Amino acid sequence: MIKHIRVKSALSKSGLKELDYSLNPYMGCKFKCQYCYAPNFTRDVDASKNWGEVIVIKDNILDILKEEVLAKKKGTVGISTITDPYQPVEAEYKLTRGSLDILLSHGFRVSIQTKSPLVLRDIDILKKFKEKVDVGFTITSMEGKLENAPLPRSRITALEKLSEEGIETWVFLGPIIPNFTDNVEEVIREVSKIKTRIVFDKFRYYKGLNFSEGNSVWWENIRDRILSLCKKYNVECHEESEDWIFEKRRKYKILW
């Protein structure tokens, strides 16, 4: 079911240290991954209670964004933080593409996170503004366990194409769930073939999810294994909790 609404704002203040703003062109997500926390943070009741079945289209978001980019302080915008910006409806409505064009042409920096190779459709915009954009793909495992999204192999292929065009890319390896997605070597090995980096994080429980968090000993072992594998395959990687440090250093061109 597609639901249409009008909104009063497009950009919202982000709670993530590496982002200044977040922008979600849609509410709800067709991919409906089993570990998704987003229903707990989605204001539209229909989309939240019927996750994956109701997708909300913010009809006037581009008009609002055109006003906000003139009034707000320039910064880094995360697209998206509680829905996938390249889920199937984007092919028709193009709100993510429109948002990218507005933000980048007005001097904002954009960080994209998705599970869909549809992002390649917008490679013309990404190449034009490649100094102000990065694209990350979430990959929990090469089998795509617990997901209803495009296959991980297609994400790897898209990642490689973007990287070859000189666009900064990264992989979010997570959430890492005990006994489900903690076999990480295959992902790290595949990513090592591309000039990119890995950000990893553990699963955190939210209401409605049917998985348990690993204990501190489990996480320390997984963390050490990931760092060891990244060293083995010569891949830059760090925990999500440290990602803001990397982002700030890059933003202000501080050497490591």
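Good morning. The axes of helix α2 (residues 61-71) and helix α4 (residues 95-105) come within 10 Å and cross at roughly 15°, the axes being lines fitted to C-alpha atoms over the stretch in contact, with angles from 0 to 180 degrees between N-to-C directions. Helices here are DSSP runs of H or I, at least four residues, and strands are runs of E, at least two, numbered from the N terminus. The two helices α2 and α4 are therefore roughly parallel, a term for angles under 35 degrees.

This is a predicted model, in which local features need pLDDT of at least 70, side-chain atom pairs count only at pLDDT 80 or more, and totals for chains, interfaces and linings use all residues. Residues are numbered from 1 along each chain as its sequence is written, and side-chain values use heavy atoms, without hydrogens or water.

Which residues of α2 and α4 meet? Ile61, Leu62, Leu65, Lys66 and Val69 of α2 meet Leu95, Gly98, Ser99, Ile102 and Leu103 of α4, where contact means heavy atoms within 4.5 Å.

In the largest nonpolar core, of 62 residues, Leu103, Ile188, Ile198 and Ile226 touch the most other members. Such a core is a set of buried Ala, Val, Leu, Ile, Met, Phe, Trp, Tyr and Cys residues joined through side-chain atoms within 4.5 Å; buried means under 20% relative accessible area, with a 1.4 Å probe and protein chains only. Helix α8 (residues 216-232) gives this core its largest share, six residues.

Finally, Ile167 lies in the loop between α6 (152-164) and β9 (168-176). Ile167 is buried, at 3% relative accessible area.

Notes:
Buried means under 20% relative accessible area, exposed over 50%, partly exposed in between (1.4 Å probe, protein chains only). Angles under 35 degrees count as roughly parallel, over 145 as roughly antiparallel, 65 to 115 as roughly perpendicular and the rest as oblique.
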